[in-house]
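Please work through the following exercises with the model at hand. Each task is followed by a solution in steps.

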Amino acid sequence: MRAVLTWRDKAEQCIYDLAFKPDGTQLILAAGNRLLVYDTSDGTLLQSLKGHKDTVYCVAYAKDGLWSPEQKSVSKHKSSSKIICCSWTNDGQYLALGMFNGVISLRNKNGDEKVKIERPGGSLSPIWSICWNPSREERNDILAVADWGQKLSFYQLSGKQIGKDRPLNFDPCCVSYFTKGEYILLGGSDKQVSLFTKDGVRLGTVGEQNSWVWTCKVKPDSNYVVVGCQDGTISFYQLIFSTVHGLYKDRYAYRDSMTDVIVQHLITEQKVRIKCKELVKKIAIYKNRLAIQVPEKIIIYELYSDDSSDMRYRVKERIVKKFECNLLVVCSDHIILCQEKRLQCLSFSGVKEREWQMESLIRYIKVIGGPPGREGLLVGLKNGQILKIFVDNLFAIVLLKQATAVRCLDMSASRKKLAVVDENDTCLVYDIHTKELLFQEPNANSVAWNTQCEDMLCFSGGGYLNIKASTFPVHQQKLQGFVVGYNGSKIFCLHAFSISAVEVPQSAPMYQYLERKMFKEAYQIACLGVTDTDWRELAMEALEGLEFETAKKERKKQGETNNDLFLADVFAYQGKFHEAAKLYKRSGHENLALDMYTDLRMFEYAKDFLGSGDPKETKMLITKQADWARNINEPKAAVEMYISAGEHVKAIEISGDHGWIDMLIDIARKLDKAEREPLLMCAHYFKKLDNPGYAAETYQKIGDLKSLVQLHVETQHWDEAFALGEKHPEFKEDIYMPYAQWLAENDRFEEAQKAFHKAGRQGEAVRVLEQLSNNAVVENRFNDAAYYYWMLSMQCLNIAQDPAQKGTMLTKFHHFQHLAELYHCYHAIHRYTEEPFSSHRPETLFNISRFLLHSLTKDTPLGISKVRTLFTLAKQSRTLGAYKLARHAYDQLRGLYVPARFQKSIELDSLTIRSQPFHDNEELVPLCYRCSTNNPLLNNLGNVCINCRQPFIFSASSYEVLHLVEFYLEEGITDEEAVSLIDLEAPRHKRENKWQEITGNNSQTLRLDETMNSMGDDDPFTAKLSFEQGGSEFVPVVVSRSVLRSMSRREVLIKRWPPPLQWQYFRSFLPDASITMCPSCFQMFHSEDYELLVLQHTHCPYCRRHIDDPSP
């Protein structure tokens, strides 16, 4: 670790405290009675804030307010001594207070003291600085305490001390943690800032000052440290933590948390941690040895066993002595220390055995192996000299000298070649014996030879990994980091502070050797790791190059030991095909002989070779011959061969691709129905070649009804599809769904909706109807809109049979029924206002406009104009003598936006209506058939009686009030029972004769008896019509079984709604005035009106049910 001064400034007064802005961009300092604000990037003084009259001792940035939001004011608590410092825990629940009397008080956020810690020094050890560890990875909150008893201590939240007191030998004035809590900064009377581990182990000095250090802090989430001193000096340092590590073959050791060493096995990925509890300065590793240098000693470890995978280390020796060195190397029995130009060899007991003095600075040193106690070292110097030193020899051997400084070195496995990376990032490879430069490559920062192959090395640089075999061109791939080792097909790469093993396939260098016919070298590379295909290619290339030994090795490597088989391959490559075939047969590999003959197109020889052998082999041979015919562009012959070989799929494929329908028909009719795959392929080509009839025949042959249905749908042969759907209902959805889509695409939406319904796709059916309804309204086709909304309501009623959707769908049903009635009425209003002549009588238009106004009490639906409705009402009211109502309608029109074409007519009529009497024609007043009350022409309650609240029943053509009263069944009476009781038509009591004849002596008298019961009292239903006069609540008519028995069938109309709706019952009070109800939409009409409309349109004017349709 080293500290680099980034910037420095000096204030006029002592710096007592400082704080970073949470994002680290600014620094605020307390200097006397001023606050100084600095830019942390370059030390620029941004502001000097003046506002305090006395010295500022503490500054901090607020994170979440000054006190708890629940508190209305700052709470105050007494303390037993002067408080010098304080610190909150990470979660803000507890506050630690450092006292002048040496006591630490831990309090909760309410100020209540939970723990009291008394330091041994008492008042002689004031608690000058405390700080909680900010790390959230720690299990417990840890408090660092620095007192003027010159000790550093650690405590848990419970008050329990962690470890022992750490002596400091100076008075600490400030303590602070790094952002993640891994390190501690301490400053004070020793005029410097020291770096400690989180456990209190001193690591080093950050920066020495000229006066006491009163404050020091770490910039958030960084390695920058700022220091404030007694003399006003502000210093900003960057801490640089260097990588301390060592590598030997597949073991890598590195420093962690400055005091620990982790040894990693690069192959097995095992790791072991060694805790040194002191600053680790240097690490060296070699075979079963590990050396760690700490400030006052060097510790040598050894493995417990000779097992290559063993990761258990134990202490072998300790050299208790302080050493200053740049590099550290460990051997089997020695420690090598490198200091500038000097190398020292020490035994494990610390005795110096040997020393070498170099001409220049030592830049690189590496152990290259050797017998225990006689290992060799490879040393590179700054002046370009490269030496080999044996630890048991005083004399260094100069291998070569180059012009540039050495950065990295490595020697090949056989010690014949030397790779050097110099300060110009060039990789140079030398022959050690001749000192000749073999080649050089640019952009290199490190180099390593393959420990298993003499001629292969790799080097890294510029974000690439470069692999070079012999003198061939370099093979590159992207890689970040430094190459530190190369073993077989694994390359060890150091990136940042971690090392990883990268598996690199050796195919590229193997093929480079093969291109130059260097088969032995290619075999050596393949042994490092290539694919099975690469091995096969190596064998083939070796055979072609007559390098039989290499080819044989390849076969053995792949597990083949049959000499006859190998010799057969050789004969085949030499052109001795018949001899090769015999050997293949003798070795039990007849298939290879056939492959050889067919590859050479020697089909006759292949047939002779087979003789009358296995029919499967003969079939295979014919198939290969057909393949050959296909490849040489003779498809007809190929098809015939494929058919004879039973390869129908390939025959069909060729015939289909060439459009040979006749051949496809012939194949399809000869195939058995069990051969589904080829028959399906035939059908596919029939469809592709626009012959759906043959495709249908094929699908029928194999019984694939689903594909047959799909074929009819794709070709739009709907009649055939429907016929198939009738026989097989399971395909109903597969037919009607695409049929509906086809109808919709061809603008036949009503038919499409019905098709969706038949397909069981209620959602699509509803969406089509909603779109049709909306379009009809937008296009002013209100009669169609009414019909679509009625259909939509019936769809919702159908869906409501599902209990899960019942509530929602019934609400929609009533809404759409209401819209259908409104648009059905408004159609007449719209035609009256748009067209010059109207087919409706004035009374009908009068009733329709009143019905609409009574129904539009809430929101007005899209397309319906209140202006047109009032205009129609005013016109017809005037015509029929309802002058008072006409005047009211004109008054209403004044408050609405009236189109220009109606403006003059309305203004003129508004004036002339004043000349008419202010009353309405009494003949127009509607009568309630329940309570016989005359209702006003405009009713605030809507289409109900103002007296009994009984809803009116209207004719769906003239919209007159029908002489009907709805009644309900008593609880417990089912619809079926009610109908059966009504059908009984029990005879009513005969009315008694009211006339009485009295004969006397002289006279004869005929008297009318007025005391007899009237007609109404004989009818049990009429008795049920009684109600509370003037009540605001509607009281329905509820009838019992006896009342139902008294009714006549011709007096009762029943709306037989499908479930889940209940049936509706209506009693006619004028049975002689006939009423007709449509069995589909349940709308009621005067019989004469209904018959006339049906004769005109041949269907119901409301639901368009055809006159000949028997279904309701």
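Predicted model: local features only at pLDDT ≥ 70, side-chain atom pairs only at ≥ 80, totals over all residues.

**Exercise 1.** Determine which residues Cys-1100 touches, not counting residues up to four places away in sequence.

*Solution.* Contact is taken as heavy atoms within 4.5 Å. By this criterion, Cys-1100 touches Cys-1078, Cys-1081 and Phe-1085, as well as Tyr-1090 and Arg-1105. Residues are numbered from 1 along each chain as its sequence is written, and side-chain values use heavy atoms, leaving out hydrogens and water.

**Exercise 2.** Describe the largest nonpolar core.

*Solution.* Such a core is a set of buried (under 20% relative accessible area, 1.4 Å probe, protein chains only) Ala, Val, Leu, Ile, Met, Phe, Trp, Tyr and Cys residues joined through side-chain atoms within 4.5 Å. The largest has 53 residues, and Tyr-789, Trp-790, Tyr-823, Cys-1081 and Cys-1100 have the most contacts inside it. Helices supplying at least two of its residues include α21 (806-834) and α30 (1087-1097); helices are DSSP runs of H or I with at least four residues. A second, separate core of 49 residues includes Val-261 and Leu-343.

**Exercise 3.** Is Ser-1046 buried or exposed?

*Solution.* Ser-1046 belongs to helix α29 (residues 1041-1046). Its relative accessibility is 11%, so Ser-1046 counts as buried. A polar atom of the Ser-1046 side chain lies 2.5 Å from the backbone oxygen of Val-1043.

Key
Buried < 20%, exposed > 50% of the residue type's maximum accessible area, 1.4 Å probe, protein only. Polar contact = N/O pair within 3.5 Å; in protein donor to acceptor, adjacent residues only side chain to side chain.
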